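Hello,

Here is the model I promised to pass on. Please have it open while you read; my notes follow below.

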Amino acid sequence: MRTITAWVSLLALAATTTACSKKQAAGGSVSIDGSSTVFLISAAAAERAKKEIGIDATVGSSGTGGGFKKFCAGDIDIAGASRPIKAAEADACKAKNIEWIELPVAYDGIALVVNTKNAFVDKLTVDELKKMWAPEAEGQVTKWSQIREGWPDQPLRLLGAGADSGTYDYFTAAIVGKEHSSRGDYRQSEDDNVLVQGVESDDNALGFFGFAYYAENKDKLKIVPIDDGKPDNGDGGITPSAETIAGGSYQPLSRPIFIYVSKGALAKAHVAKFVDFYLANATALSAKVGYVPLPAKVDELTKKRFADRKTGSVFAGGSKVGVTLEQLLASEGGS
Amino acid sequence: MRRPIDLTSARPGVFAEKAFVWLCRLGAAIPLTMLAWLLYRVAAAGVHRLSWSFLTDPPSQLDASTAGLGPALLGTLWLIVLTATIALPIGIGAAIYLEEYSRRSKLAGVLELAIANLAGVPSIVYGMLGLGLFVHALAMGETVIAGALTLALLILPIIITSAREALRTVKDGLREAALGLGATRWQCTRQVVLPMALPGILTGAILAIARAIGETAPLVVVGAVAFILYGPDGVDAKYTALPMQIFQWTSNPKRAFLDNAAAGILVLMATLLVINGVAIWLRNRYQSRRS
């Protein structure tokens, strides 16, 4: 029976791969899922944790919403999120008796970029952005000339993060004024590199995506300064950079990104140890993977929040635009 | 009376025929050129990353130049072996039942239609099915076995259809002869029909498995993780797979990781080539034994 021989050899192969695979650490491994933005830092933390403290962690990348679904079903220990938890998600956790600790780990800016051949866009105001992205704009606002007087009568082609991402949720909250609401007729991709290529190859494109992707492709894209119309954080258009994002002057498109840790999972020693390690290295790792580290004061407040095992959200169920984390964390610490 | 064909003088259809041949050549050239172009682009970007340690090392988020796809390669090998072990006996068994035992029944007609439809269902739908059935209802969690069962479902229709085609190529005269000599259905199938049909069955099966290797969408749904530092150590282990790892690298903001993605694509293509090579080798082997 040659077929049997063939199968025996395949099974032998399986046995070999088993032998080659390293056994999981005795204490079990930490399971993380959620935002693809936070994924970069979490995976870096997992890599270092394995090397330095011998704890295994697996990191998924199924989006902020997908991550919270698993988190509130009790499937994972830690959820990465590029926006605060929503009321509906918090309710789902509550129904399953899952308490959680909200911990900011870095800042990320949302960059607006145009093609390098685009000479006329000097900056965009929040109102202009709203004109482009509001649900009413669908099928109506299709030319640059409709955005500002004097801009050419050329087609306006929009690109951005897909509707499942926390980036989209935050962007719509900040620009349209209502979370998860925008026109639908723009090119969406969950992969920001696809958006980079899209803007790079289209003279009339305007796209939004994570600042880290702009930082890696500065030579191929033109960044658009954003003017929020409020002079108190800096007058006129502000260009995103590590300083303007962390300092809060790049408004309203700089945002904190988080991990949510299940309080129940912290009963497992390796999970608690892992989160301690994560927070201790968050600023170094976030800079390394392309994000903006938390300022020292916020970093300190975050560590304290975890040490106190303080549950709940400082955001009360939705993205808050234009508030600094330091204010939020400090005001809560005082109460 | 048929007229003898004149092979010497020019015939009216000769231009049309020439045009047709050129059209066929063009048809063959287009996919080959595209494949060559793709291979060139990928090889140019990725070949400098290929090394033994790239195949065995764990991935890295911090340093693209030390990142490897060891866990993903092991995960893919596990998936292939498990998927094949599950799907082949069931698929070939179903084909034998439909062809040899219930050839003209009404049920067979209905099943045939259902299988043909299933073969056209998008792979993400199998992912949803796998998530509901294996991951949640049967509480397997996001494990290799849940991924393999989902992929097995995905390729079953292909295996069944190709195995039936192979069984159908066996002349009825052989079956009748075997049955006429007093063989039972089972003896006839086992000793006459199956050996004749085996090359075709194997080819179909291996092509189906090759398809399963490249699938990403259902694996994302049934929970292959994006970052893991070790390969599976059992059917209930967490896992990742080659296409997942490649996708992860293409979406990393650091451009150095794109080279890793290209190298990963080369590894995936090499794996597919090996599998298709085995398919051809097996087929030739059985074909020569038969004659």
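Two residues are in contact here if their C-beta atoms, placed from the backbone, lie within 7 Å. By that rule, and leaving out residues up to four places away in sequence, Ser36(A) touches Ser61(A), Gly63(A), Glu190(A) and Ser251(B).

First, the ground rules. This is a predicted model, in which local features need pLDDT of at least 70 and side-chain atom pairs count only at pLDDT 80 or more, while totals for chains, interfaces and linings use all residues. Residues are numbered from 1 along each chain as its sequence is written, and chains are lettered from A and ligands numbered from 1 in the order in which they are written.

How confident is the predictor? The scores are ipTM 0.79 and pTM 0.82. For pLDDT (the predictor's confidence in each residue, from 0 to 100), chain A has a mean of 86, with 88% of its residues at 70 or more. Chain B has a mean of 89, and 95% of its residues reach 70 or more. Please take care with residues 18–26 of chain A, where pLDDT stays under 50 and the model has 17 contacts beyond four places in sequence. Where pLDDT is low, the predicted coordinates should not be read in detail.

Back to Ser36(A), which lies in helix H2 (residues 36–52) of chain A. Helices (H or I, at least four residues) and strands (E, at least two) are DSSP runs, numbered from the N terminus. Is Ser36(A) buried or exposed? Ser36(A) counts as buried because it has 27 C-beta neighbours inside 10 Å. The cut-offs are 20 or more other C-beta atoms within 10 Å of a residue's own for buried, 12 or fewer for exposed, and partly exposed in between, with C-beta atoms placed from the backbone. Also in chain A, helix H6 (residues 166–175) is mostly covered, with ten of its ten residues buried. Gly177(A) follows H6(A) and has a positive phi, near 100 degrees.

Where the two chains meet, chain B gives 24 residues and chain A gives 33. On the chain B side, H3 and helix H10 (242–250) each give two or more residues. H3(B) supplies the largest share, five residues. That side divides into 14 nonpolar, six polar and four charged residues. Here Ala, Val, Leu, Ile, Met, Phe, Trp, Tyr, Cys and Pro count as nonpolar, Asp, Glu, Lys and Arg as charged, and the others, Gly among them, as polar.

Within chain B, H8 (residues 185–214) packs against two helices that I looked at. The axes of H3(B) (residues 70–101) and H8(B) come within 9 Å and cross at roughly 140 degrees, so the two are oblique to each other. Their contact includes Ile80(B) and Leu88(B) of H3(B) and Val193(B) and Ile201(B) of H8(B); its residues are twelve nonpolar, three polar and two charged.

The axes of H6(B) (residues 144–168) and H8(B) come within 8 Å and cross at roughly 150 degrees, so this pair is roughly antiparallel. Among the residues that meet are Leu151(B) and Ile155(B) in H6(B) and Gly200(B) and Gly204(B) in H8(B). This contact has 15 nonpolar, three polar and two charged residues.

On the terms: axes are lines fitted to C-alpha atoms, for helices over the stretch in contact, and angles run from 0 to 180 degrees between N-to-C directions. Angles under 35 degrees count as roughly parallel, over 145 as roughly antiparallel, 65 to 115 as roughly perpendicular and the rest as oblique.

Best wishes
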